[in-house]
4 protein chains.
Amino acid sequence: MRNIIAENTEQMFILVITDKRIRILIAAETLINQSGLEAVSIHRVAKQAKVATGTIYLYFKDKDELMAELHDRNLRLFAEAFLSGVENAQSLQERHRRLWLNALHYHQENVNVQRLWVHLETLPKNAHHKALIQELFEPVKLFFRSGVEQGCFKPLPSEMLYALAFGQILEICRFSYLREVKFTKQDMDAALLASWDAITVHP
Amino acid sequence: MRNIIAENTEQMFILVITDKRIRILIAAETLINQSGLEAVSIHRVAKQAKVATGTIYLYFKDKDELMAELHDRNLRLFAEAFLSGVENAQSLQERHRRLWLNALHYHQENVNVQRLWVHLETLPKNAHHKALIQELFEPVKLFFRSGVEQGCFKPLPSEMLYALAFGQILEICRFSYLREVKFTKQDMDAALLASWDAITVHP
Amino acid sequence: MRNIIAENTEQMFILVITDKRIRILIAAETLINQSGLEAVSIHRVAKQAKVATGTIYLYFKDKDELMAELHDRNLRLFAEAFLSGVENAQSLQERHRRLWLNALHYHQENVNVQRLWVHLETLPKNAHHKALIQELFEPVKLFFRSGVEQGCFKPLPSEMLYALAFGQILEICRFSYLREVKFTKQDMDAALLASWDAITVHP
Amino acid sequence: MRNIIAENTEQMFILVITDKRIRILIAAETLINQSGLEAVSIHRVAKQAKVATGTIYLYFKDKDELMAELHDRNLRLFAEAFLSGVENAQSLQERHRRLWLNALHYHQENVNVQRLWVHLETLPKNAHHKALIQELFEPVKLFFRSGVEQGCFKPLPSEMLYALAFGQILEICRFSYLREVKFTKQDMDAALLASWDAITVHP
DNA sequence: GATGAATGAGCCTTCATTCAT
DNA sequence: AATGAATGAAGGCTCATTCAT
């Protein structure tokens, strides 16, 4: 179990998710995206995953663990999306641009995920979780550090640079999504540049 | 009724809140800050406010209305804190500095409020609510606009400038609160300057 | 108190109901007719009667007493409607006709009253209530008794004759109201005659 | 599941109801008969049925559905009792006699059922419900129709004949049950004949 | 007499979790 | 491993009734 197998080993035509664990996580995710966080009840997750209620408790100790694993999964997915197309060979500014746009697009497309995060972030974190974040965002840390070393970025802890570079994005999404403020393509480009201005050293 | 009276008429030592409405709102707030959003049940709010369950429904149509009014209240309190000490006579940069620090301190001291906001923001907004936000943040809007007119700020919608100027703050608080990252006084000063860099025009 | 007074003693132009007791009863009645029996809460009755909640308890021991008095009132109103235009001078058949039509019209116009009755009838009856019924329907009893004495009606207790003569009416109303069965004028006339057939002696 | 099993396989002495659905319905019925309609709370039904509160919601969407199914069940039981021993081979008068007595006995033994009906009848009816009534009482309809065709019954819609033939029964039961009027065997026989007089053609 | 704010028991319903099969 | 019926605590809300004013 616990793997995604190809039904046909010769040619990868059909992918069926046999792993109940993942099916359950995806079901929960689907419910969140469709109807928000409070729509997630074990009963509904089971139905959505086409699994018996009790089965969920074979894979997760309790609801909290299920949610925590969902958090993990989403962090992974976000990290992947965030870092996609970002290579060490690229210039600092190019990498910054890609990261920024990746984050923007991810948040534009996963509005409800924010709520999950905010919800989960306040729960007591276990060591594993912190280690995961460390690991996932290591490349970003390195990116900031090398920018600092090159004298291009302000000499600040990478967490602070992260906040300065990407902190506006959630706010921007909140404006466009919740308050129906429309930003133009030019506005967005300007925001990207402003993010760059925020982290770089100025004469 | 509905007033805050001083128990001691000579000197205002003890303030007793007679107004049940506000007592209930504060009780709910307290619960949120102590134990998070899901700790808010009508029963618990009533207990905290030292009031019978039914009493809450004399002051609020239902739980949604209670939460919405809590949102209102918090927006007001935030707006007040945010704008405190900010005068038109001050220079743009001085005003920016005060706003930024005000927001920072507010969020540092009201960590759970974030969760309330994120929760409430997804609920359907009524016209009253939108008008309130417009009204409360009008001075901020004017601040950004005049900065743009003076050629000091980037020529962007005030909402975007808001996101660029203050969007990092929540992220910074999240880092210090949730992930226990410690920032120095110097880091904070640098962040304030970075925020200024983000919104101002560069040669 | 407890009376209906004419505002202007010279000329009876305006009748204002000063009697809170009756205002409350009418309010309860209105609620039943508008929204059914379960719409009757003390709070709503008070609002409808434009009276404070507590005031109701000055006039009625508790809700049960209010309902019982409502029952009384309705019995009186029904008896009045039932007997209207019925005179001893009229022939038996003429009186039967009037009673039958009166009952029919009353029930057609007061559909919800049935539910009130059925509801109230199961409550424990006090002596006063039984006496009231005796008193109100005494004329009907006499009508049946004199019919029996004249050899026109079947020699049965007047209660039984009552059931035979008027028992169909509720059923007829139920059909037309609830099951949307439409009866013609001729059907109704036939029903009236059938009622007569039921109680009279046949050769 | 969902069956009635005999505890003792040799001889059917003890019948234990395994079917929770029916156990719940019977529990509700029992409560109505014991203490009236307002005694029916989900909590009490659960207790009576020796079942957890939540269990009821496994079998019924909500209280309304439970009540509606109770209505169905009672209609069926009544129809069965009403039509029992009535055969097409019997004369019209014999069939009338049996129907009348069946209805009488049913109502004498199920006094509170009336209240349930009156309560439920005012709820909005769904198509299923109307169809059920049509189906259950089809034989009665045919009985009246054939009586009309044979020139024995008055030429009226079968619903009207139903009201004329059986409408007194509820009233009779109300008198004996609620007002403690005692009718003799002879009175009852006379009432049966009066019912026959009401629906038949007279020269 | 009159008010209406306050009470808390009780209502319907949902949900995380368990356990016999 | 998998099921899903069963549980009962807890949720939001209503209501008859009381009592200080």
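Between chain B and chain A of this predicted model, two salt bridges are found, a salt bridge being a side-chain nitrogen of Lys or Arg within 4 Å of a carboxyl oxygen of Asp or Glu. In one salt bridge, the side chain of B:Lys154 meets that of A:Asp197 at 2.6 Å, N to O. Two residue pairs are in polar contact between chain B and chain A, both at pLDDT 80 or more; a polar contact is a pair of N or O atoms within 3.5 Å, where within protein one must be able to donate a hydrogen and the other to accept it, and residues adjacent in sequence count only if both atoms are side-chain atoms. The elements giving two or more residues to the side of chain B that touches chain A are helix 6 (113-121), helix 7 (127-136), helix 9 (158-178) and helix 10 (185-199) of chain B. Helices here are DSSP runs of H or I with at least four residues, strands are runs of E with at least two, and both are numbered from the N terminus. Helix 9 of chain B supplies the largest share of that side, 13 residues.

In terms of contact (heavy atoms within 4.5 Å), 37 residues of chain B meet 36 residues of chain A. Chain B and chain A bury about 3,600 Å² between them, with 69% of it on carbon and sulfur atoms. Buried area is the accessible area (1.4 Å probe) that two parts lose on being put together, summed over both. Of the area that chain B buries against chain A, B:Arg115, B:Glu121 and B:Met160 supply 16%, more than any other three residues.

We can now turn to chains C and D. Here 36 residues of chain C are in contact with 37 residues of chain D, and the area buried between the two chains is about 3,600 Å², with 69% from carbon and sulfur atoms. Two salt bridges cross this interface as well, including one between the side chains of C:Asp197 and D:Lys154 (2.6 Å, N to O). Chain C is superposed on chain D by a rotation of 179 degrees with 0.1 Å of shift along its axis, at an RMSD of 0.4 Å, using least squares on the C-alpha atoms of residues with pLDDT of at least 70 in both. The two copies are thus related as by a two-fold rotation axis. Because 100% of the interface residues of chain C are also interface residues in chain D, the copies meet through the same surface.

The largest nonpolar core holds 125 residues, and C:Phe144 and D:Phe144 have the most contacts inside it. Such a core is a set of buried Ala, Val, Leu, Ile, Met, Phe, Trp, Tyr and Cys residues joined through side-chain atoms within 4.5 Å.

D:Phe144 sits in helix 7 (residues 127-149) of chain D and counts as buried at 1% relative accessibility, where buried means under 20% relative accessible area, exposed over 50% and partly exposed in between (1.4 Å probe, protein chains only). Leaving aside neighbours within four places in sequence, D:Phe144 touches D:Phe153, D:Ser158, D:Leu161, D:Tyr162, D:Ala165, D:Phe166 and D:Ile199.

Residues are numbered from 1 along each chain as its sequence is written, and chains are lettered from A and ligands numbered from 1 in the order in which they are written. Local features need pLDDT of at least 70 and side-chain atom pairs pLDDT 80 or more, while totals for chains, interfaces and linings use all residues; side-chain values use heavy atoms, leaving out hydrogens and water.
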